[in-house]
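Biologist: I would like to learn how to read strands, sheets and helices from a model. Please take one feature at a time.

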Amino acid sequence: MQEVKKVTTEVGTNEWQLVVFVLGDQSFAINVDKTREILRWPGCRSIPDAPVALIGITSVRGEVLPMVDLRLFLGIPPVTPMEQSKVIIAEFNEVKLGFVVDAVERIYRIKSEDLDSSMTGKYLGDWILYVIKRDSRNVLLLDYEAIVQTISPQLVIQHSGDPTRAAAMMEGVGHPGDYSIVIAEDSPLIRKQIEDALKTNGFTDLNICSDGKAAYDTIAQGSRCDLLITDVEMPRLDGLTLTRRIKENPSTNNIPVIVFSSIMANDIKNKAASVGANYQVTKPEINQLIEVVVKVIREKEIKREPKED
């Protein structure tokens with residue numbers, strides 16, 4: 001067992017730490033904040049009628065975890081026998097699981113602007129978000145949220161918006177279409193889920209951005225923003241740096257910020273609070289996100305109500 005050792009970075013500096021691993025002859029990466037430990041192949045027990053990439057379950061210190069072979073999921077022929085493979089124990093979206101890979105290299109520190117999204121969706125397929133140029137090679141960053149939701153669709157059903165519950169939450173709230181919401185989210189799947197949930201609840205004035213810089217530019221250039229919903233892990237400008245800049249700017253520091261991230265370990269929660277985030281919600285809790293949005297709107301309406309003499 002190899003514990004993943006994180007190097008403390010200053011909050012809001014736009015720096016990430018990535019664990020680089022290998023599938024076939026290609027290097028990939030995962031955010032160190034999603035990674036708990038790295039194991040030698042522990043063996044696993046198969047699950048009846050499971051998707052091909054969900055190769056079974058294993059037990060790690062008494063905890064039963066699903067095992068996902070990323071090589072099978074991506075269609076990459078393995079170069080390492082299964083018994084010599086490595087397993088990255090990851091935790092995000094309130095799910096803990098093992099990713100089976102050929103080999104694990106090391107932890108790298110990068111800046112958000114090192115992530116290249118110019119080929120995303122055009123040539124790289126549905127599962128690759130970014131290319132990172134590192135040591136004269138290309139390292140690919142996967143959309144792990146989309147991969148896990150594809151392998152386990154019940155997660156989407158479990159956390160999808162409930163229109164009946166939403167209607168009850170919205171009772172007594174002014175017209176939601178009167179409020180402008182800026183959304184910063186790099187995953188196309190999560191962007192669509194947030195957009196659908198908000199529109200279901202009548203929030204139609206949405207400015208949807210694929211990274212933190214686009215969101216910051218939108219707000220800084222004077223576009224109306226009554227609420228910012230932001231991911232943490234994004235290119236060009238990450239969500240913590242985005243939040244810090246919004247809160248440090250006297251003209252925008254009154255904008256409520258909801259951090260909606262798959263990474264909500266205590267250290268990330270503390271970092272989000274330290275840069276001024278008003279609320280934090282763990283992906284993919286769409287219902288909880290809507291509850292917090294409604295809470296923000298209610299607070300705004302209370303402040304707008306004329307005070308009695």
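Biologist: How many bridges join strand β3 to strand β12, and do they run parallel or antiparallel?

Modeller: Strands of a sheet pair through backbone hydrogen bonds, either parallel or antiparallel. Here β3 (residues 26-31) and β12 (residues 137-142) run parallel and are joined by three bridges. Two strands count as paired if DSSP finds at least two bridges between them. A29 stands opposite L141 in β12. Before going on: this is a predicted model, in which local features need pLDDT of at least 70 and side-chain atom pairs count only at pLDDT 80 or more, while totals for chains, interfaces and linings use all residues. Residues are numbered from 1 along each chain as its sequence is written, and side-chain values use heavy atoms, with hydrogens and water left out.

Biologist: What is the strand order of the open sheet of six strands?

Modeller: The order is β9-β2-β3-β12-β11-β10, with mixed pairing. β9 (103-111) and β10 (115-116) are the edge strands, each pairing on one side only. Helices (H or I, at least four residues) and strands (E, at least two) are DSSP runs, numbered from the N terminus.

Biologist: Which order does the open sheet of five strands have?

Modeller: That sheet reads β14-β13-β15-β16-β17, with parallel pairing. Its edge strands, β14 and β17 (279-282), each pair on one side only. The twist averages 20° from one strand to the next. Axes are lines fitted to C-alpha atoms, for helices over the stretch in contact, and angles run from 0 to 180 degrees between N-to-C directions. β16 (residues 257-261) pairs with β17 over four bridges in the parallel sense, and I258 stands opposite Y279 in β17.

Biologist: Which strands does helix α5 lie across?

Modeller: Helix α5 (residues 188-200) lies across β13, β14, β15 and β16, at about 175° to β14. Helix α7 also packs on the sheet, touching β13, β15 and β16, and its direction makes about 160° with that of β15. Contact means heavy atoms within 4.5 Å.
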